[in-house]
Amino acid sequence: MAVTDIASPPEEIQEPSGLSSGWGRRLFIAIPYIWLLVFFLAPFVIVLKISLSDVILARPPYFPNFDISEGWQGFLAMLRVFDLENYVWLAEDSLYLNSYLSSLRIASISTLLTLAIGYPIAYAMAKAPKEWRATLLMLVILPFWTSFLIRVYAWIGILKKEGFLNYFLLWTGIIDEPLMILNTDTAIYIGIVYSYLPFMVLPLYAVLEKLNISLLEAATDLGCSPLKAFWVITLPLSLPGVWAGCFLVFIPAVGEFVIPDILGGSSTIMIGKTLWVEFFSNRDWPVASAVAILLLLMLTLPIILFQKQQEKQAEASQ
Amino acid sequence: MTRFNWFNTTTLTLGFAFLYLPIILLMIYSFNESRLVTVWAGFSTRWYQSVFLNESFINAAWVTLRVGFISASVATVLGTMAALVLNRAGPFHGKTLFTGMIYAPMVMPEVITGLSLLLLFVSLDFARGFWTVTLAHITFSMCYVAVVVSTRLVTFERSLEEAALDLGCTRFSAFIQVTLPIIFPAILAAWLLAFTLSLDDLVIASFASGPGATTLPMKIYSQVRIGVSPEINALSSILIAVVAIGVVTASLVTKQAHVKRIKEERMAINSI
């Protein structure tokens, strides 16, 4: 897209305190715009293109290559070689279907677990004394700043056969034999819940903190038990936070690579890991690209739903 | 409702124990004498010594810091520009696409971002290494910067900018003298966020990097795959301590600056 496509509108609709008008404004818009077009949008077009290409033993390991010097004819010649072979391959090999399905399953279960653990924490934070809330918030955010990889790694020492958890459980006499948790799906669930908990707690806390106390008082005055008041008032009013939190956990969890790779077993296949292996071990770039395109399509629906929900919330808060 | 009850106290205690125990255990056992990570054999700092004597760790740390510093600085400039475009430029053709491109990288699975950038670099015939990792980090960090700075711009008192314009400031000098000082804490926080994101990233760096540019997370990952080692515990503890001190200091400083700014902003508005 050329700079002229994003040119400024007529002057009269420009806001009074907006950026300076004319060429300066155009340039100001163009710099981040072009950056994102080149480094964010264009790469996706290339992934799409390569997913339609064939794998060859060469550098780069795919065919056809678009040669700009051949111009329009070269482009048409390239189009003729494109086919959906890689996608057919994905559909025929059950490995790929299984990794998509197991990614969806693991991401859904982990999202529900994160909600079950995150909700009480967010609720307790919102009900905490005012002077404590900023500190509690900081405590939830702080682990998010430390390296994701290190936080996942820390669980190996806890979950492995001679790890802290087994040591503790054997010592208390709850179990007689060490539990095998590392390299199972359970370890992946723990890893995802642990890593993404702040994403769930923060939006929930934001809605619960704003909740109007007088509604609950009114309910109690009218004879509601605290449990019922929670059920008919707090929970429905916190639903926007629940949705936001679930999307924020679910979307990245589907494409997760580090957690299943480090904590999961060899029998658990998730799509992020399949893509990684296809690219780095099998060196099949076209198939890896096709896997990426399908993953993206799979996530489009939740991402659009999430955006719609965010917009609705933004409108409601205005 | 202003005191803790037993339910909330228990929930918070368990919740924070879950969040912090793994990190605390890792840090404690980094001082363990034994190579067997979960058996305590006495206090020792030998693993810290071996981290500092390990040349490949030091090299990786150096690469990571340089990538982080350059990418965070460029991303802060580009992201702040993007935030101003979102909030101050008024409508323009393609604004929806622009907004989409700002928000999309944050929910995009890292494997896809990494793969797509790598394929871009290959088709442009860029030699992969230090600069390709830096470019990749700039691209995803600038979106976070844009969002953080936007949040500040939304709550910003527009009348101050207008007052400066009425008093004869050009738009540029109004931005430099009024807007920039007010949004500066947010810009600082955004830089810090961009820097930490770059420091943490494994997946995108693995795709975008080439021979000779191994970042610290890549180095840690290759070791972690073999299993738990006390050296990695020590290295992780150092990283956690550095980031924790940085974040706490920055948040205290920005909080102070924020309180001061709000006061000044109010005084300025009252005097208009």
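Reader: How much area do chain A and chain B bury between them, and what makes it buried area?

Author: This is a predicted model, in which local features need pLDDT of at least 70 and side-chain atom pairs count only at pLDDT 80 or more, while totals for chains, interfaces and linings use all residues. Residues are numbered from 1 along each chain as its sequence is written, chains are lettered from A and ligands numbered from 1 in the order in which they are written, and side-chain values use heavy atoms, with hydrogens and water left out. Buried area is the accessible area (1.4 Å probe) that two parts lose on being put together, summed over both. Chain A and chain B bury about 8300 Å² in this sense, 80% of it on carbon and sulfur atoms. Of the area that chain A buries against chain B, A:Trp35, A:Trp145 and A:Tyr153 supply 10%, more than any other three residues.

Reader: How do you know which residues belong to the contact, and how many does each chain give?

Author: Contact means heavy atoms within 4.5 Å, and by that rule 88 residues come from chain A and 86 residues from chain B.

Reader: What makes A:Asp261 and B:Arg225 a salt bridge?

Author: A salt bridge is a side-chain nitrogen of Lys or Arg within 4 Å of a carboxyl oxygen of Asp or Glu. In the pair A:Asp261 and B:Arg225 the closest N and O atoms are 3.5 Å apart, so the pair meets that definition.

Reader: Why can the salt bridge of A:Glu209 and A:Arg133 be said to tie parts of chain A together?

Author: The side chains of A:Glu209 and A:Arg133 meet at 3.4 Å, N to O. Helices (H or I, at least four residues) and strands (E, at least two) are DSSP runs, numbered from the N terminus. A:Glu209 lies in helix 8 of chain A and A:Arg133 in helix 5 of chain A, so the pair ties together parts that are 76 residues apart in sequence.

Reader: How many helices and strands does chain B have?

Author: Chain B has eleven helices and zero strands, and the C-alpha trace of chain B spans about 70 × 60 × 35 Å along its principal axes.

Reader: Why is a space inside the protein called a cavity, and how many are counted?

Author: On a 1 Å grid over the protein atoms alone, a cavity is a set of points where a 1.4 Å probe fits but cannot get out, and lining residues have an atom within 4 Å of a point. Grid points are joined across faces, edges and corners, and a volume is the space filled by probe spheres set on the points. The count comes to three cavities of 30 Å³ or more, and the largest cavity has a volume of about 90 Å³. Its lining has 13 residues, with A:Ser147, A:Ile150, B:Leu199, B:Asp200 and B:Leu239 nearest the centre.

Reader: What volume does the second largest cavity have, and which residues lie closest to its centre?

Author: The second largest cavity has a volume of about 80 Å³. Twelve residues line the second largest cavity, and A:Ala154, A:Gly157, A:Phe164, B:Leu26 and B:Asn233 are the closest to its centre. Helix 6 of chain A and helix 1 (6–29) of chain B are the elements that give two or more residues to this lining.

Note on methods
On a 1 Å grid over the protein atoms alone, a cavity is a set of points where a 1.4 Å probe fits but cannot get out, and a pocket is an open set with protein on both sides within 12 Å along at least five of seven lines; lining residues have an atom within 4 Å of a point.
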